[in-house]
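Please look over the entry below before reading on.

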Amino acid sequence: METTSTLEKILRLIALTLVVIFFMFPIFWIFLMSFQTNETILAIPPSVIFTPTLSNYAALITGKLTTAAGTLDIAFMRNLMNSIFLSVTSVAIALVLGVPAAYAFARHKFKGSEDIAFTLLSFRFAPPLLVLLPLTQYFQWLGLADTYFGLIWVYQLICLPLILWIVRGYFEDISADVEYAYRIAGHSWFATFRKIALPLAGPGIAAAGLLAFIFAWNNFVFALVLASADKQPVTVGALAFVTSSGIQYGQIASAIVLSVTPTLALALYAQRYLVEGLSLGAVKG
Amino acid sequence: MSETALFINGVDKFYGPIDHGVHAVKQLSMDVKKGEIIALLGSSGCGKTSTLRMVAGFEAVSRGTISLKGREVQTFAPVKRNVAMAFEGYSLYPPLTVRENIAFALKASKLSQGVVDEKVASIAKLLEIEDIMGRYPSSISGGQQQRASLGRALIRDADLHLLDEPMGQLEPQLRALLRGRIKHFIKERGLTAILVTHDQTEANALADRIAVMEGGVLQQFDTPQMIKERPANLFTGTFVGEPPMNVFPAGVSGSGEIVSFGLNEGVKLDYKASDFSHAVRGELMKRSKVVLGIRPYAVRRSEGGVGAKVAVNQWLGDQTHIAADFAGGTMVLVEHDRTNLAIGESVGIRLDPSSLHVFDGESGRAISHGQELA
């Protein structure tokens, strides 16, 4: 058993508190801002005492942004729905494609398998803007520019390599003999994949899926270039708050709060898997 | 003639490209009869596990055929071969308890729950794992996992049971007990089994026939007794037997009534021509270089014997192992009494012609065992 002195406990508590404040303060401040008007936000000196208002949230939900220069239409809720749709669909497709591929790369060493796997990973190295210019041309030519289909396809550049490489490590960690034992007991390889490999790699798949979701959700450049207003996710949509009559800090803050919520909820839910998953992957090396 | 359960015909296994990769199994041919227990015996990397995995269907056969009950199966998926296997690494399913792991093997056989429970209970009793049936693989010892894995293989009613190092992790007493029980279990049910092992005691105790492998080549495939008494070549002779066979290179000469072996350091062993059959003498005289082999327990001490100097003398509680410097090498003797010999003491050694194994000096193939041709 580990024994710690009182002093050690106190010091540890102080250190932890400092770390938490350092990391949580911006989020906490944004949370407070989301309940303030532009005037109180910009007041000097800033104060944590104010009369909370729900006007920012109301503006986002109704889509009517009132500024000094008049009323503007914003599509924030639509952006949010786009974000959810794009991220969920992209991750789902990446899982359907990536998990069996990861299994194949983990279990079968065929000619060029390492090269293919590495090529897929290399999609993550390329600077997105460099890829985007030719891609835009192609997409316009193919009629894929400004379509959900095209966007989800491009999002695979983000999700697929991530899922492939994380999940592959998990499959490699499972002893092949466990699967052989199942196969020799009279099951096909597909049944083995479904009943043995998938459940055993479950935490890794969950972790990889969550990471892919976060990356997809936070993507900005692809959507900025390839999507028009009605298909843009929140990351791009937030630009609308920079208006001719100034920056709408209150609305931006509440938009951030709303757009962080789905990821945060998902992360909290999957936290167990994520921590276990990442550490297992790290041990694997 | 009993039915052939397994027939391996001219099988090669290459890891990597055929003819260019690592040649793990070379031109292996052997047959296993229904109801037989076969041991594949050899050191690590001799190809025994590769052979087992090819039979199970986990490794592709590079060349040759494998037939189970008369049908060629080398291209079949494992599921179509109806074989059971216990893995060296246990390979239990982590999310299932020991009981579920064992019962799981019967899932595909569609037996009623009552029959399954009964079978599982009897296997648990056989392997002494009744007290851990409700536990998960991660919470039990290696030896217990190994027994659970063995149980999962033995419970099945397969045409062939493949057991890869099935008892390596068990304590000696338990191993001895289970050897007997498992053999009885297999024989009683008329099952056919191939076990892979590097433990000769296990091979001798369990197997009807032993296949000795080395360097991917089958060296000898015979009963334990024949392998011990009539080793086919120098490898089998020195690999099987504890302590190993003493071997000394020798030249052969003969004149009329005498057969004479000239060992290193001028040591000369003369035998009467009548100690060997006519055919053996003929074979010996064709060669200038041979290797003489003699089992440690067949070496005798005698007053008028060839001189040797004691280097090690160990009493093991039930037998004495003596190592003596002899003809530029070491001669090991096993005696059943406690022998009082000081280190450095001179002893006379006698090698009875009837216990002598003679191998070809170049190919290592056996020429004679005692008086008779190999």
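In this predicted model, strand 9 of chain B and strand 10 (residues 217-222) of chain B pair in the antiparallel sense, with 5 bridges between them.

- Strands 9 and 10 of chain B make up a hairpin in which 2 residues lie between the strands, and B:Gly215, located in the turn, has a positive phi of about 55°.
- Strand 9 of chain B is also joined to strand 3 (residues 37-41) of chain B by 4 bridges, and these two strands run parallel; here B:Ala39 stands opposite B:Ile210 of strand 9.
- Because 5 of the 6 residues of strand 9 (residues 209-214) of chain B are buried, the strand is largely enclosed by the rest of the structure.

**Nonpolar cores**

- The largest nonpolar core holds 118 residues, and the members that touch the most others in it are A:Ile163 and A:Val167.
- With 15 residues, helix 7 (residues 148-173) of chain A gives the most to this core.
- When neighbours within four places in sequence are left aside, the contacts of A:Val167 are A:Gly98, A:Val99, A:Ala102, A:Ala201, A:Gly204, A:Ile205 and A:Ala208.

Conventions:
Residues numbered from 1 in each chain as written. Chains lettered and ligands numbered in written order. Predicted model: local features only at pLDDT ≥ 70, side-chain atom pairs only at ≥ 80, totals over all residues. Core = buried A, V, L, I, M, F, W, Y, C linked by C-beta atoms within 7 Å. Buried ≥ 20, exposed ≤ 12 C-beta atoms within 10 Å, placed from the backbone. Contact = placed C-beta atoms within 7 Å. Pairing = 2+ DSSP bridges.
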